[in-house]
Amino acid sequence: MPELSVASLVLVVVVAAFTAAAAVWDIRERRIPNKLTLPVFFAGWIYQAVFHGWSGLGDAGLGFLVGFGVLFALWMVGGGGGGDVKLMGALSVWLGFRLTLLVMIASTFIVLAVTVGVVTWSVMTRGVKGSQKKYLATGKPTARDKPRPTESVAEKQGRRVMAYAVPVAVSTWLVMIWKLPTLP
């Protein structure tokens, strides 16, 4: 194992603890609260300023732009939850631009693999119609359905294939292990 600087040790410990806590919270509660993400977000800016100065703050800003920005755009079109956006926003300040990109790429592959597996299993066990009913929300009632207002939060969360914080945590840990020898 390489000799870690104090900055690298703080980064690894905080990021591992944060992503683990977010994953557990997301699995149990189906949400990631502000009381977890906001302190980590602000602490990330302090970390970058203390250990990496202006270049660290710039790297944190670019990381935030990518991590928060991409997920915010997806959230705006209904492709994720607000807690997921804040999770990546806080995490990206700690990781900076390059590590954030790697985490997002890795988590995308994990999400795709798990989703394909879950949907395939669902089709095999429930059939196509049962899987559609479970995972698709068209917003349009069929002729047989009684008209109802828009989908509730609980219904939307029930359609989620997985808690997004889990693939983010796993991909973050994999990226950190991979990049451990080169961490500043």
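I take helices (H or I, at least four residues) and strands (E, at least two) as DSSP runs, numbered from the N terminus. With that settled, I looked up T120 and found that T120 lies in helix α3.

**Conventions.** I note that this is a predicted model, in which local features need pLDDT of at least 70 and side-chain atom pairs count only at pLDDT 80 or more, while totals for chains, interfaces and linings use all residues. Residues are numbered from 1 along each chain as its sequence is written, and side-chain values use heavy atoms, with hydrogens and water left out.

**Whole chain.** I read 5 helices and 0 strands in the protein chain, with the elements running α-α-α-α-α from the N terminus on. Buried residues (under 20% relative accessible area; exposed is over 50%, partly exposed in between, with a 1.4 Å probe and protein chains only) make up 32% of the 184 residues. For contacts, meaning heavy atoms within 4.5 Å, I find that residues 24 or more positions apart account for 74% of those with a separation of 6 or more.

**T120 again.** I record T120 as partly exposed, because its relative accessibility is 39%. Its side chain reaches the backbone oxygen of V116 at 2.7 Å. I also looked up S131, which is 11 residues from T120 in sequence and 9.1 Å from T120 in space, C-alpha to C-alpha.

**Aromatic pairs.** I pair rings of Phe, Tyr and Trp (its six-membered ring) if their centres lie within 6.5 Å, calling planes under 30 degrees apart stacked, over 60 edge-to-face and the rest tilted. By this rule I count 8 aromatic pairs. F41 counts as buried at 18% relative accessibility, whereas F64, at 24%, counts as partly exposed.

Y47 and W94 form a stacked pair, 4.6 Å centre to centre with 25° between the planes. Since Y47 lies in helix α2 (residues 34-76) and W94 in helix α3 (residues 82-135), the pair ties together parts that are 47 residues apart in sequence. I find Y47 buried at 5% relative accessibility and W94 buried at 6%.

**Charge over a ring.** I apply the rule that NZ of Lys or CZ of Arg must be within 6 Å of the ring centre and within 35 degrees of the ring normal. The charged end of K179 sits over the ring of W178, 4.4 Å from its centre.

Note on methods: A polar contact is a pair of N or O atoms within 3.5 Å; within protein, one must be able to donate a hydrogen and the other to accept it, and residues adjacent in sequence count only if both atoms are side-chain atoms.
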